[in-house]
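This report describes selected local features of one protein chain. Please keep the sequence and the model in view while reading.

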Amino acid sequence: MKVTQEKLPASQIGLEIEITPEITQKTYEQVIKNLASTTTIPGFRKGKVPRPILLQRLGVSRIKAAALEEIVQDGVETALKQEEIPAIGQPRLRTSFEELISNYEPGKPLTFLAAVDVQPEINLVQYTGLSAQAEEIKHDTNQVDEVLEKERQELATLIPVEGRAAQIGDVAVVDFKGVLAKGEGEDETAEPKPIPGAEATDFQLELQEDKFIPGFVSGMVGMNPEETREIPAQFPDPYANEELAGKAAIFTVTLKEIKEKELPELNDDFAQEVSDFDTLDELRASLAERHQKEAEAKTKSNQQEALLAELLKYVEVDLPETLIDREIDAMLNQTAMRLSQQGLDVNKLFTQDIIPQLRERSRDEAIERLKRSLGLLEVSKRESIEVTPEEVQTKVAELMEQYADQDIDANRMRSVVENELLTEKIIDWLLEHSSVELVPEGSLTPAEETADELETTEPQTEEQSAAASTESI
């Protein structure tokens, strides 16, 4: 078979394949023979239909199309084997099928164009002497006190309060209902538009300004039990529910009860209740040690991410669509598994309408992940960085013992462990041969948006929340 190759963009190999006259004729005759044995035509026994009648009833184009499907499929497979091309994914026909049918004459040579994806060539311009900056996370000694205070708040006993108005720090039991405030020019006589989900009965709310939309809690300060107020509030912008972002609202609130927190004393009894430690000092020391390790781990993670981001600048690769599609598939599968483990109905989230949007939104991240992964593998090849079977086995045994009560696919775990250990070795090697300057925390990242962290009066279903989370993949 005559096959001509050419390099195409996106790590494709273009093939010009010439099918011999013998094969075009043989395939055509075989298709007619097969159709004759299976086609039923009134007036003829099955398998006894005369050739001219069969051609007349089925049409030459239909028979050619059937023959061409076999010719193209067999032709591409033979060409790949003959040329020893390690194709990935499915071959693509570059000649239109209509053109093929037009050109196809049994007994004469037939030429068509196809393309296949292959593993891309990696051009790693530089991978030593890289220079980057990463934020150093230092252990905040106040964290221990914050954790202990949070535990105290969770263990607090709520004591009913009488004889005074509500104040910041109280826990209030309220009924409320919210409507959108009318804007300038709107009909004053029209019924106000209720805010979906912004209604509750016997709702228990801690009176802290950051616990609700701005204006709600401050509007409650000074209320007495059984009092009803109309409280203006403003949804932040941006807001989780984009339709409400920045909009003014009016909540009709009835205060039913006021409670205040009685916190447990911070002593050894408290330590025993919230932990396995006997004394408060032991609990404090353990928390401090844990936070120190977390800070060190975060600092190392920041160094790695900064270095990998720098490495990415020097990775030149023309990625084939097959690899991009596979990476997107993997990302969506990981998200689906995570959501499923959280008890969410994945079928309601990953609908046929949503999936194409998710795939498009995931594309840039998939490309970055692939470039990073291929860049690291290229480093391992050039520097002969490997993971030994013993290292993998030791780690697998450790994990299998740790998760002995779970049904784990050992082969799958071995593959994951091998990949993680190799990645860790490569990154450690890169860190040794590069420079990552540690800078103070917060100096490289912009201030985090806090608006989205505010609680909303509009209850969202878990599926809605999860769907929103998939937008980040």
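R284 is partly exposed, with a relative accessible area of 28%; the term partly exposed covers values between the limits for buried (under 20% relative accessible area) and exposed (over 50%), computed with a 1.4 Å probe on protein chains only. R284 forms a salt bridge with D145, and the closest N and O atoms of the two are 2.9 Å apart. A salt bridge here is a side-chain nitrogen of Lys or Arg within 4 Å of a carboxyl oxygen of Asp or Glu. This pair connects distant parts of the chain, since D145 belongs to helix α5 (residues 142–154) and R284 to helix α8 (residues 280–312), 139 residues apart. D145 also counts as partly exposed, at 39% relative accessibility. Helices (H or I, at least four residues) and strands (E, at least two) are DSSP runs numbered from the N terminus.

The model is predicted: local features require a pLDDT of at least 70, side-chain atom pairs count only at pLDDT 80 or more, and totals for chains, interfaces and linings use all residues. Residues are numbered from 1 along each chain as its sequence is written, and side-chain values use heavy atoms, with hydrogens and water left out.

**Salt bridges**

By the rule stated above, the count comes to 26 salt bridges. Among them is the pair of R92 and D117, whose side chains meet at 2.7 Å, N to O. R92 is in strand β3 (residues 87–93) and D117 in strand β4 (residues 110–118), so this bridge links parts of the chain that are 25 residues apart. The two partners have their own accessibility classes: R92 counts as partly exposed at 33% relative accessibility, whereas D117 counts as buried at 1%.

R369 forms a salt bridge with E327, with the closest N and O atoms 2.8 Å apart. Because R369 lies in helix α11 and E327 in helix α9 (residues 321–341), the pair ties together parts that are 42 residues apart in sequence. R369 counts as partly exposed at 29% relative accessibility, while E327 is buried, with a relative accessible area of 16%.

| Salt bridge | N to O distance | Separation in sequence |
| R369 and E327 | 2.8 Å | 42 residues |

Salt bridges also link R164, D170 and E260 in a network.

**Strand β8 and its partners**

Strand β8 (residues 171–180) is mostly covered, as eight of its ten residues are buried. Two strands are said to pair if DSSP finds at least two bridges between them. β8 pairs with strand β9 (residues 194–206) in the antiparallel sense over seven bridges, and the bridge partner of V179 in β9 is P194. Ten bridges join β8 to strand β11 (residues 248–262), and these two strands also run antiparallel. In β11, K177 has T252 as its bridge partner.

**P225**

P225 lies in the loop between α6 (216–220) and β10 (228–234). P225 is partly exposed, with a relative accessible area of 34%. Apart from neighbours within four places in sequence, P225 is in contact (heavy atoms within 4.5 Å) with R164, L255, K256 and I258. R164 is also a member of the salt-bridge network with D170 and E260. The C-alpha atoms of P225 and Q153, 72 residues apart along the chain, are separated by 24 Å.

**S380**

S380 is found in helix α11 (residues 354–382) and is buried, with a relative accessible area of 8%. A polar atom of the S380 side chain lies 2.6 Å from the backbone oxygen of L377. Not counting residues up to four places away in sequence, S380 touches I385, L422 and I426.

**Helix α12**

The 14 residues of helix α12 (residues 389–402) should span 20 Å at 1.5 Å a residue, and the end C-alpha atoms are 20 Å apart, which agrees. The expected span is 1.5 Å times one less than the number of residues. The buried residues of α12 are V392, V396 and L399. These residues cover an arc of only 65° around the axis and are therefore on the same side of α12; the arc is that of the directions from the helix axis to the C-beta atoms. An α-helix has 3.6 residues a turn, so residues three or four places apart point the same way. The buried residues of α12 pack against α13 (410–432), whereas E390, T394 and E401 are exposed on the other side of α12.

Notes: A polar contact is a pair of N or O atoms within 3.5 Å; within protein, one must be able to donate a hydrogen and the other to accept it, and residues adjacent in sequence count only if both atoms are side-chain atoms.
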